[in-house]
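Subject: Structure for your review

Dear colleague,

Please find below the structure that I am handing over to you. My notes on what was found in it follow directly after.

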Protein chains: 2
Amino acid sequence: MGSPVCMEKESISAWFKKLQEELCENLEQLDGSGKFRRDPWPRKGGGGGITRVLEEGNIIEKGGVNFSEVFGKTNSSLVNDLNTSESDFYATGISVVLHPISPMIPIIHMNTRYFEMGSGESWFGGGIDLTPHYVLPEDAVYFHKALKNVCDKFDPDFYPAFKKEADDYFFIRHRNETRGIGGIFFDRLSDPDDKKMKELFEFTKAVGSFFFPVYRDLVSRNKTRPYGNRERQWQGLRRGRYVEFNLVWDKGTKFGLETEGRTESILMSLPNSACWIYDHQTDPHSNEHNTLKWLKKGVDWINLK
Amino acid sequence: MGSPVCMEKESISAWFKKLQEELCENLEQLDGSGKFRRDPWPRKGGGGGITRVLEEGNIIEKGGVNFSEVFGKTNSSLVNDLNTSESDFYATGISVVLHPISPMIPIIHMNTRYFEMGSGESWFGGGIDLTPHYVLPEDAVYFHKALKNVCDKFDPDFYPAFKKEADDYFFIRHRNETRGIGGIFFDRLSDPDDKKMKELFEFTKAVGSFFFPVYRDLVSRNKTRPYGNRERQWQGLRRGRYVEFNLVWDKGTKFGLETEGRTESILMSLPNSACWIYDHQTDPHSNEHNTLKWLKKGVDWINLK
């Protein structure tokens, strides 16, 4: 393409693909019972992907790990979405969403991706965020400190900037509620300097590698906590909010559905089941009520008193 | 406002409000157990509404009957949505969605509305559509013939035109599936002639009045049909599609959520629960499989062989 891009996109994509395999193996081991099915799919126009989904496991009720590598000519939606001009494009990435059976274990999402345009632009994007059905401040602090650790190894500005972006992105505007306790979100991460661009790839890899050990810890911290019908019902309502965010506000989902992406792969992010009760109210002093108090932008988890 | 509008908007709104009361009374009687709660709400900027919701009835699992009468200055979203210029606006309407407990009874939706702009434009809009979890052709034919009957009393062109609009509107693009067996949909129905405009109000009223007796018939035709876990699971999946349509494609829902409408009133249309199974497949020759075959645009229910 004669572009100044010097990263090898094939090696980036190969890394995402390898991460998918590793994650599925690790998650199967963690779950102890469920197995990921494997659906490769081609994309009209160029490229394709591999969708892997585990349903009705021992710990995971529904989980998806998607890999894709797609390329071709940008259409008008893509031009609009990426705020770019018409050209060739190449995009590769991995995205993960896990819905656990236990309402005491959080939902987790992670996504990392790489874009390259015929014009020569290229960038990394990604994010990871945690959606506990019941917010435990100590878990949230653990998660954010671990994330800050990863970010700080690359740039001390990353965590504060990307934490704020996550607060803004994973926000359910019509509920005036964050989806969960946030995490990090970054997009259009790029550098004209080749060496620095390679560092950004290392950062993206570090985010990808961060995912499993942290979720394993969160599962182990919470998997023996008891729950009953009350907690399962609350989980249903929180899953309802997850559905609302993904279908109404998530840019990737909207973009995918509007541009004839592979629907089943896009909507693997939805839970097995979700509930809606009209104007549901929580009892003051209940765990449900306390959870809602944490679903705000701008909570400083690192310095939580 | 010095506009050429000669319909009295207050009397139109009063009619919708009265319809809301009548529908709730009739539906409570039909249900035999559930009661509609009543939530009046004010709107910042002008007007407000009354939301009525019944949950956990004998026949209806979740049903909402919304009335609203709102007015003020158009904001940029409304200007965009209505394809109009900035001015005063007035809008009143009623909308109904019923999710029955039994998967053998269809979901139904009805909405009628009246708009008036400071510029002098005014119009009626509305629609009614049926979403059976299991399509019975004889019920679909009954429903469409009854609708055609109502339409034909006003204009023989109405039914074919509005039936097509419903097929196009109640379409889940990312599934290449209609939401159900359609019905009618109309918008911007208007006439410069006063007398004809009054006729259009009569037509709108006829659609509103059509709703209850037809749904009562559909309930009575299906309420004793047996079902088990298999049918309840399929209902969960079909409800998932209903959620997808409403959150991704329904213009009223999108518009309401993006312009800070009253979220609980807008989302009363969502079912009590919904399910998603990755890449769910139906057995050929099963009732579920047969249902999917009917979820296409352009089925000629009136002349079905």
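The expected span of a helix is 1.5 Å times one less than its number of residues. Please also bear in mind that this is a predicted model.

Helix H1 of chain A

Helix H1 (residues 9-31) of chain A has 23 residues. From its first C-alpha to its last, H1(A) reaches 33 Å, which is close to the 33 Å expected at 1.5 Å a residue. The buried residues of H1(A) are A:Ile12, A:Ser13, A:Phe16, A:Leu19, A:Gln20, A:Leu23, A:Cys24, A:Leu27 and A:Asp31. These buried residues pack against strand E2 (47-55), strand E3 (60-73), strand E4 (88-100), strand E5 (107-117) and H5 of chain A. After H1(A) comes A:Gly32, with a positive phi near 85 degrees.

Helix packing in chain A

Two packed helices are described by the angle between their axes and the distance between the axes. In chain A, helix H3 (residues 137-152) and helix H5 (residues 194-222) pack at an angle of about 160 degrees, and their axes are 11 Å apart. Angles over 145 degrees count as roughly antiparallel, so H3(A) is roughly antiparallel to H5(A). The crossing in which H3(A) passes H5(A) is right-handed. On the H3(A) side, the contact is made by A:Asp139, A:Phe143, A:Ala146 and A:Val150. On the H5(A) side, the contact is made by A:Ala206, A:Val207, A:Phe210, A:Val214, A:Leu218 and A:Arg221. By class, this contact of H3(A) with H5(A) has 8 nonpolar and 2 charged residues, with no polar residues.

Helix packing in chain B

In chain B, helix H3 (residues 137-152) packs with H5(B) at an angle of about 160 degrees, with the axes 11 Å apart. H3(B) and H5(B) are therefore roughly antiparallel to each other. Their crossing is right-handed. The contact is made by B:Asp139, B:Phe143, B:Ala146 and B:Val150 of H3(B), together with B:Ala206, B:Val207, B:Phe210, B:Val214, B:Leu218 and B:Arg221 of H5(B). The residues of this contact of H3(B) with H5(B) divide into 8 nonpolar, no polar and 2 charged.

Helix H5 (residues 194-222) of chain B also packs with helix H1 (residues 9-31) of chain B, at an angle of about 5 degrees and with the axes 11 Å apart. Because angles under 35 degrees count as roughly parallel, H1(B) and H5(B) are described as roughly parallel to each other. From H1(B), the residues B:Ile12, B:Trp15, B:Leu19, B:Leu23, B:Asn26 and B:Leu30 meet B:Phe201, B:Lys205, B:Gly208, B:Phe212, B:Arg216 and B:Val219 in H5(B). The contact of H1(B) with H5(B) has 8 nonpolar, 2 polar and 2 charged residues by class.

The contact between the chains

The contact takes 24 residues from chain A and 24 residues from chain B. On the side of chain B that touches chain A, the elements that give two or more residues are strand E2 (47-55), helix H6 (229-249), helix H8 (263-266) and strand E10 (273-275) of chain B. H6(B) gives the most to this side, with 5 residues. By class, the side of chain B that touches chain A has 14 nonpolar, 5 polar and 5 charged residues.

Individual residues

A:Arg241 is found in helix H6 (residues 229-249) of chain A. With 19 other C-beta atoms within 10 Å, A:Arg241 is partly exposed, since a residue counts as buried at 20 or more. Leaving aside residues up to four places away in sequence, A:Arg241 touches A:Ile172, A:Arg175 and A:Arg179. A:Arg241 and A:Ile172 are 69 residues apart along the chain, and their C-alpha atoms are separated by 7.9 Å.

Most residues other than glycine have a negative phi. A:Asn176 is not a glycine, yet has a positive phi of about 50 degrees. A:Asn176 lies in the loop between strand E7 (171-172) and strand E8 (177-178) of chain A. A:Asn176 is exposed, with 12 other C-beta atoms within 10 Å. In chain B, B:Glu56 has a positive phi of about 55 degrees although it is not a glycine. B:Glu56 is found in the loop between E2 and strand E3 (60-73) of chain B, and counts as exposed with 12 C-beta neighbours inside 10 Å.

With kind regards

Definitions and conventions
Residues are numbered from 1 along each chain as its sequence is written. Chains are lettered from A and ligands numbered from 1 in the order in which they are written. This is a predicted model: local features need pLDDT of at least 70, side-chain atom pairs count only at pLDDT 80 or more; totals for chains, interfaces and linings use all residues. Axes are lines fitted to C-alpha atoms, for helices over the stretch in contact, and angles run from 0 to 180 degrees between N-to-C directions. Helices (H or I, at least four residues) and strands (E, at least two) are DSSP runs, numbered from the N terminus. Angles under 35 degrees count as roughly parallel, over 145 as roughly antiparallel, 65 to 115 as roughly perpendicular and the rest as oblique. A crossing is left-handed if the near helix is turned anticlockwise from the far one by less than a right angle, and right-handed if clockwise. Two residues are in contact if their C-beta atoms, placed from the backbone, lie within 7 Å. Ala, Val, Leu, Ile, Met, Phe, Trp, Tyr, Cys and Pro count as nonpolar, Asp, Glu, Lys and Arg as charged, and the others, Gly among them, as polar.
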